[in-house]
Amino acid sequence: GAQRLDAAGVIVELNVGDAEARALIAPWTKYITTGLPHVSLKLALSLDGRIATRTGASKWVTGPEARGKVQELRAKHDAVAIGIGTALADDPRLTVRDLSTLPSGRHPLRVVFDSRLRIALNSRLVQTSREVPTWILTGNDAAEDAEQALSDAGCTVVRVPNSAEGRVDVGAALRLLASQGIVSILVEGGAELAGSLLATRLADELHAFIAPILLGPRGRPGAVDWAGPDTPAEAPCIVDPRWELCGRDAYVSGPLAFPARG
């Protein structure tokens, strides 16, 4: 078609807005070409890289404006996921407050990575699982009685192969979610789950909220628990980072790039 227009004397410009278009369909592109969902990793941390005080207090490291931005991020994804550590420490709801911001009018699927089914039956996630779909991804060796109790409460318990460390294999879990139509997922923590995503190079995008506070060296570990690179040159980084202020907090986001392995 472009050739015919050009031959007829019509000026044709190609690749207009190419980068913007590719960014717009990035989740769908990954989903179709790899069979995996597009993964956005969200972190909230202090200036010295901590996610909680030495007593474990983590509400709230960041301010209300940053939490409002997280609500917007949730609304843009098919699923929201956390690790069991975050579920136990924060007892979150993982819902979207303003349903009018959701294209489907429904909350994203809530996902908990819980290799040993330690989530409490009286947690807010379990207690509201009949209103908002909630999946618990667990290992093959998790207790059957715990699985039955969670299923009776309204959760969907899905067994996933274990990793070498005995946790839920993140790659297998993401492939399973994609097979159920999950195109995009926002992972909100904790440190082990974030570290697994970075170590396996499965995170596509990073959203980091940095609060202007210091929690000290005895504060809880950083937002990411992994071995990390040997040198700064080998570190994953945000491509063309976007910086903005969310109230008093700094917010940096953008697609992640992983240096080629040597």
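The lining of the second largest pocket draws at least two residues from each of α2 (18-24), α3 (26-34), β1 (38-46), α4 (64-75), β7 (205-211), β9 (242-246) and β10 (249-257); helices (H or I, at least four residues) and strands (E, at least two) are DSSP runs numbered from the N terminus. The model is predicted: local features need pLDDT of at least 70 and side-chain atom pairs pLDDT 80 or more, whereas totals for chains, interfaces and linings use all residues. Residues are numbered from 1 along each chain as its sequence is written, and side-chain values use heavy atoms, without hydrogens and water.

A pocket is an open set of points on a 1 Å grid over the protein atoms alone, where a 1.4 Å probe fits, with protein on both sides within 12 Å along at least five of seven lines; lining residues have an atom within 4 Å of a point. The second largest pocket holds about 610 Å³. Among its 24 lining residues, Ala-23, Pro-27, His-38, Glu-205 and Arg-242 are the closest to its centre. β10 gives the largest share of the lining, 4 residues.

| Class in the lining | Count |
|---|---|
| Nonpolar | 8 residues |
| Polar | 7 residues |

Helix α4 has 12 residues and spans 17 Å between its first and last C-alpha, close to the 16 Å expected at 1.5 Å a residue. Its buried residues (under 20% relative accessible area, 1.4 Å probe, protein chains only) include Lys-69, Val-70 and Arg-74.

Lys-42 lies in strand β1 and counts as buried because its relative accessibility is 13%. Beyond neighbours within four places in sequence, Lys-42 contacts (heavy atoms within 4.5 Å) residues including Val-70, Glu-188 and His-207.

Note on methods. Points joined across faces, edges and corners; volume = space filled by probe spheres on them. Nonpolar A, V, L, I, M, F, W, Y, C, P; charged D, E, K, R; others polar. Expected span 1.5 Å × (residues − 1). Buried < 20%, exposed > 50% of the residue type's maximum accessible area, 1.4 Å probe, protein only.
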